[in-house]
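Q: I would like to learn how to read a few features of a model. Please take them one at a time.

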Amino acid sequence: MKDLLSILPVLLVLLSVAVSSAEQARIITKENALREDCRFFSPLKKKVRLNDLIEITSKEGDWLRAKHKGTAGCIHKSAVDEKNLDISGVSGSKSHSASGSEVALAGKGFNPQVEKTFKEKHPDLDFKAIDAIEASHPSDESIRKFISSGALNQP
Amino acid sequence: MTALRPLIASALVLVMGCASGGIGSHIQMAATTASAAHKASRPISDEEEYYIGRAVAATLISQYPLLKNKKLNDYLNQVGLAVSLHSDKPYTYAGYHFSILASTEVNAFACPGGLIFITRGMLNAVNNEEELAAVLAHEIAHISHRDGIGAIKKSRWTEALTVIGTSAAKQYGSSGVSQLVGIFEGSIDDIVKTLVVNGYSRSQEYDADKTAVAYLAKAGYDPSAMKSFLNRLASKKKEADGGMLKTHPSTTDRIDNVSDSIPSKTAETGGLKKRTDRFKSTL
């Protein structure tokens, strides 16, 4: 029993390291934001980008309360790698945190380099038109007004 | 408690060993290899889905030219986003984008990642904003369900994972990138063939219809619009021949499938009139 008590502090330290590192999750969209409140169109507090690691503090429905470099706010769960999301303390779900190697693995596979070479092989395909489609996007405010003027449900 | 001692001691040896080298470093190496193998079996990521979707979209617009009409395009995007924000996946890697193809064919295509095309023929076939929302909701459902990605032959992704696993860096050498581009091309072909020629499976289409009805209801659109659109499509089968009728299950079967999912509550009349008015003034 004495032996066990003597190694208990070491085990507790190991456990606390595991717990603290299990609260991170990775952004999986090109860009996103931490918002003031847990709803779409809520004012932006901080922009986050692909592979940024955020610290999840709690869960509200489909939204997560999170921190990034000292700024706290809300982010929708679909913008976060749920596989790497540990919300066990909040919802009882089972997962693990984003490790450095997982973050390093992101971006491998079908990436800009593959698209660049594909474009060179297929100069007939009009990727500029696709870029233009992606660049033309209604603002949050115009979507909010459109939803409101059509008496639709705000998300 | 005595029985636990060897276990605890072993755990400590492992932890200490990992930190100081020796046996620990071997164990760590084995664990890393096992972890890498586990990661190597990962699914296609949202970022990869985005690059696949862009190439699928570029291939589609080489067959169906784009219709350039800013007013119509803005309206289409507003309707689509009003629905997508209520979907299971409101955020994709680079968001949802809706565009019109200058074709009389009655059709719509969902490219992986969030690029959605609808033909001018389909815009002529829908009767009001509710029906347009129903068509877009069906395509958004295909994206949420990752049906496009599912059309890629499994062997291609297995092969891609081998290439990905053997490269330490994000930048590939000429051989690696050439292999990956070959697999990428094959994946694009698989998806385009499914979208344009073969269609998804019946169950995927039925699921997309049911999910679309749920999205419509959540967004505040009249979910019965899905059924009314399919009914009219069935009655105009001759005019709408080819296009989506070629790649989708029979319209009558789709109506049967979706009928039970439509809630009895219909959209509030004032809102419906406002939406129908703006639809008419735009189209």
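Q: How many helices and strands does chain B have?
A: Helices (H or I, at least four residues) and strands (E, at least two) are DSSP runs, numbered from the N terminus. In chain B there are 14 helices and 3 strands. This is a predicted model, in which local features need pLDDT of at least 70, side-chain atom pairs count only at pLDDT 80 or more, and totals for chains, interfaces and linings use all residues. Residues are numbered from 1 along each chain as its sequence is written, while chains are lettered from A and ligands numbered from 1 in the order in which they are written.

Q: What share of the residues in chain B is buried?
A: A residue is buried if 20 or more other C-beta atoms, placed from the backbone, lie within 10 Å of its own. Of the 283 residues in chain B, 45% are buried. In H3(B), 16 of the 18 residues are buried.

Q: What span should H3(B) have?
A: The expected span is 1.5 Å times one less than the number of residues. For the 18 residues of H3(B) that gives 26 Å, and the end C-alpha atoms are 26 Å apart, so the two agree.

Definitions and conventions:
Buried ≥ 20, exposed ≤ 12 C-beta atoms within 10 Å, placed from the backbone.
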